[in-house]
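Have a look at it first, then we'll talk.

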Amino acid sequence: VPAGKAWNLTVAFKAPHAEDGHPRQFVPQERYESYLSSVSVDVDSGSDFAQLPAHLRSSEGRERWKSRFADADKGVQMVKDYYRLVAGVDEAIGSILQEVARRGEKDNTVFVVVGDNGMMLGEHGLTDKWFPYEVSARVPLIVMDPRMQAAERGKVSDCLTANIDVSATVLECCGLRPGRRVQGKALIKRGRLASTSRKWMY
């Protein structure tokens, strides 16, 4: 992109998705194999599994749990490999940020980092992303706008958001007004965090 010209870059990562059929499931890049090797991680034992509704106890999430977490040592390996994949994504995002800074465009570029789902890593005796528990339903969402007021930077919002808010936020950051059909709400307005005022969603 020529310097000074407006641009948009969308990057979608496969990581940290599992590789179905692979015995390891979460397969990190070779250079991350030793990452977290000396760190101990706690894996939820799923002690409340027996109290779950029958349809959850017989779900695909339970079947996958058996192959990933029934063995405690394997469960630890799964969690570490998952975080190793996340570290790879983090490194890639860092490379993009560095390139934008090298081009001298850091101060007029908005970054949005968002996931499409959370992940259950053994919680409740389940795994994967299909259930409306906190760890599955909560999704990473980071917006970095260099025009944010200094006091607003680094703040964490507790308002209820959804992926429909991403487009409204991007339009707001570009100085455009979302059309009437845009259902989402901008999370940043005039350099400040904005609340969706949403009390519920389905």
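Q: What does "contact" mean here?
A: Contact means heavy atoms within 4.5 Å. Among contacts in this protein between residues at least 6 apart in sequence, 67% join residues at least 24 apart.

Q: Before we go on, what kind of model is this?
A: It's a predicted model, where local features need pLDDT of at least 70 and side-chain atom pairs count only at pLDDT 80 or more, while totals for chains, interfaces and linings use all residues. Residues are numbered from 1 along each chain as its sequence is written, and side-chain values use heavy atoms, with hydrogens and water left out.

Q: How many helices and strands does the protein have?
A: Helices (H or I, at least four residues) and strands (E, at least two) are DSSP runs, numbered from the N terminus. The protein has 5 helices and 6 strands, running α-α-α-β-β-β-α-β-α-β-β from the N terminus on.

Q: Which residues of helix 5 are buried?
A: Buried means under 20% relative accessible area, exposed over 50%, and partly exposed in between (1.4 Å probe, protein chains only). By that cut-off, 31% of the 202 residues are buried. In helix 5 (residues 164-173) the buried ones are Asp165, Val166, Ala168, Thr169 and Cys173. An α-helix has 3.6 residues a turn, so residues three or four places apart point the same way. The buried residues of helix 5 pack against strand 1 (111-114), strand 4 (141-144) and strand 5 (188-189). After the helix comes Gly175, with a positive phi near 80 degrees.

Q: Which residues other than glycine have a positive phi, and where is the cis peptide bond?
A: Most residues other than glycine have a negative phi, and most peptide bonds are trans. Here, Gln25 has a positive phi near 70 degrees, and Asp128 has one of about 85 degrees. Gln25 sits in the segment before helix 1 and is buried, at 10% relative accessible area. Asp128 belongs to strand 3 (residues 127-128) and counts as buried because its relative accessibility is 7%. The cis bond joins Ala15 and Pro16, with omega about 5 degrees; Pro16 is in the segment before helix 1.

Q: How many salt bridges does a search of the whole structure find?
A: Side chains of opposite charge can pair when their charged atoms come close. The cut-off for a salt bridge is a side-chain nitrogen of Lys or Arg within 4 Å of a carboxyl oxygen of Asp or Glu. The search finds 16. One of them pairs Glu134 with Arg138 (3.6 Å, N to O), and both of these residues are exposed. In another, Asp145 meets Arg147, with the closest N and O atoms 2.9 Å apart. Asp145 counts as buried, at 7% relative accessibility, whereas Arg147 is partly exposed at 49%.

Q: Which salt bridge links distant parts of the chain?
A: Glu152 is in the loop between strand 4 and helix 5, and Arg192 is in strand 6 (residues 192-193), 40 residues apart. Glu152 is buried, with a relative accessible area of 5%, and Arg192 is partly exposed at 41%. Salt bridges that share partners also join Asp20, Glu60, Arg64, Arg68 and Asp128 into one network.
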